[in-house]
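Here's a quick briefing to go with the model. Have a look at it first, then read on for the helices, the pocket and the charged pairs.

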Amino acid sequence: MEAALRACDWARVAAAIADSRRHMHALDNAFEGAANARDERFDAHVMTRLRAIEKTREDQMARLAFYNGSVRDRLKLLGRARGATRGFGSVNRRRSSLGALDRLS
């Protein structure tokens, strides 16, 4: 997912997020199924690893949210700029009749 984030490959990011959800669900199911075979030391080791993975994912999601906000702000700015340029009108637009009166004098 990290490479996809850095490359701004949003299809791969979405696929990685979906894969991550599926893996977590499968892991939950496996833990429930192996409840009788696990000991506290094993659980503690797995939880340490899962916390590290969760921290990495939270960092990635925070960066993604920041990027999303940055893009949103840029798009708003572009929208305002486009709206402002529309106010200037088109060069091919028909001139007002007042301009024709000015040419008569």
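Let's begin with aspartate 73, which counts as partly exposed at 43% relative accessibility; that label sits between buried (under 20% relative accessible area) and exposed (over 50%), using a 1.4 Å probe and protein chains only. This is a predicted model, so local features need pLDDT of at least 70 and side-chain atom pairs count only at pLDDT 80 or more, while totals for chains, interfaces and linings use all residues. Residues are numbered from 1 along each chain as its sequence is written, and side-chain values use heavy atoms, with hydrogens and water left out.

**Salt bridges**
- The structure has 5 salt bridges, each being a side-chain nitrogen of Lys or Arg within 4 Å of a carboxyl oxygen of Asp or Glu.
- Aspartate 73 pairs with arginine 72 at 3.9 Å, N to O, and arginine 72 is partly exposed too, at 45%.
- Arginine 63 and aspartate 59 form another one at 3.3 Å, N to O; they are 4 residues apart in helix H3, so about one helical turn separates them.
- Arginine 63 is partly exposed at 34%, and aspartate 59 is partly exposed at 43%.
- Aspartate 9 meets arginine 12 at 3.6 Å, N to O, with aspartate 9 at 26% relative accessible area and arginine 12 at 43%.

- H2 covers residues 10–33, and its 24 residues reach 35 Å from first C-alpha to last, close to the expected 34 Å (1.5 Å times one less than the number of residues).
- Helices here are DSSP runs (H or I, at least four residues), numbered from the N terminus.
- Val13, Ala16, Ile17 and Phe31 are the buried residues of H2.
- Cysteine 8 sits in the loop between H1 (2–7) and H2, and has a positive phi of about 55° despite not being a glycine.
- Cysteine 8 is partly exposed, at 33%.

**The largest pocket**
- The largest pocket holds about 290 Å³ of space, a volume filled by probe spheres set on grid points joined across faces, edges and corners.
- A pocket is an open set of points on a 1 Å grid over the protein atoms alone, with protein on both sides within 12 Å along at least five of seven lines; lining residues have an atom within 4 Å of a point.
- H2 gives the most to the lining, with 6 residues, and both H2 and H3 (40–88) supply at least two.
- Among the lining residues are Ile17, Met24, Leu50 and Arg57.

Methods
1 Å grid on protein atoms, 1.4 Å probe; cavity = no way out; pocket = protein on both sides within 12 Å on 5 of 7 lines; lining within 4 Å.
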